[in-house]
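This report describes the fold, the surface and a few local features of one protein chain. The sequence and structure are shown first.

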Amino acid sequence: MAEHEESPGGVPPLDEEAAWAAIVAGYGQEPPDPPGARPFRPIENLMLPEEDVEPEPAAPAPSPEAPQAPSEPPPEPTALGSSVVFAPGVGIGGTGPGTGPRDHTPAEPDETDEGHFVQPEPELPQADTTAKFAWLAVVGGPVLLLVAVLLQWDMTWWLTTLGIGGFLGGFATLIARMSQGDDEDDDPGRGAVV
């Protein structure tokens, strides 16, 4: 390692190897509490006033020579204060399997049950002949012009008139046939009528 020179304030240089040795030696050990620190309060003592809190007794470390004694079952968890409210059927530690709200199973359907809802097929209104020809002209006019361009046909006057005129005529027919009397319909979704 490089030689450390004394820093300008009279502070001796830091011995890095000794510092790393101290860190490695203390690895895994919990540092002591600072002076004036209060002991940890387990959950059983949280509702008690500060002066009634008893420090948690330290568990004695078992000696390696002593035979292992049969351990006692852990004590039942104590109930918390009255400010903690649980849902019905839910308690500390649970009241047994199958008592929670997610453990519900629906009743089995019987023969009289119709099963699940099946949406009926929607009935579309029947289009009259005029509407069918109007839609044919709106879609067919641009398709005719597109086919003429792709196949490199000569754009004669009748082809252009049929494509553009068919589109404009079909569009005008569909617009003219739209219902004009919205105010005359009895629509219950429009709110109260005074």
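## Burial and surface

A residue is called buried when its relative accessible area is under 20%, exposed when it is over 50%, and partly exposed in between. In this predicted model, buried residues account for 7% of the 194 residues in the protein chain.

The protein chain has an accessible surface of about 18300 Å². Carbon and sulfur atoms contribute 61% of that area.

## Secondary structure and contacts

The protein chain has three helices and zero strands. Read from the N terminus, the order of elements is α-α-α.

Among contacts in the protein chain with a separation of 6 or more, 34% are between residues 24 or more positions apart.

## Salt bridge

Side chains of opposite charge can pair when their charged atoms come close. One salt bridge is found in a search of the whole structure. It joins the side chains of R177 and D128, with an N to O distance of 2.3 Å. R177 belongs to the segment after α3 (157-176), while D128 sits in the loop between α1 (16-25) and α2 (129-150), so the pair ties together parts 49 residues apart in sequence.

Both partners have intermediate accessibility values: R177 is partly exposed at 43% relative accessibility, and D128 is partly exposed at 33%.

## Backbone at Q152

Q152 lies in the loop between α2 and α3. Its phi is near 60°, a positive value in a residue other than glycine. With a relative accessibility of 70%, Q152 is exposed.

Note on methods
Residues numbered from 1 in each chain as written. Predicted model: local features only at pLDDT ≥ 70, side-chain atom pairs only at ≥ 80, totals over all residues. Heavy atoms only, no water. Salt bridge = Lys/Arg side-chain N within 4 Å of Asp/Glu carboxyl O. Helix = DSSP H or I, 4+ residues; strand = E, 2+ residues; numbered from the N terminus. Buried < 20%, exposed > 50% of the residue type's maximum accessible area, 1.4 Å probe, protein only. Contact = heavy atoms within 4.5 Å. Areas by Shrake-Rupley, 256 points an atom, 1.4 Å probe, with all protein chains shown as cover.
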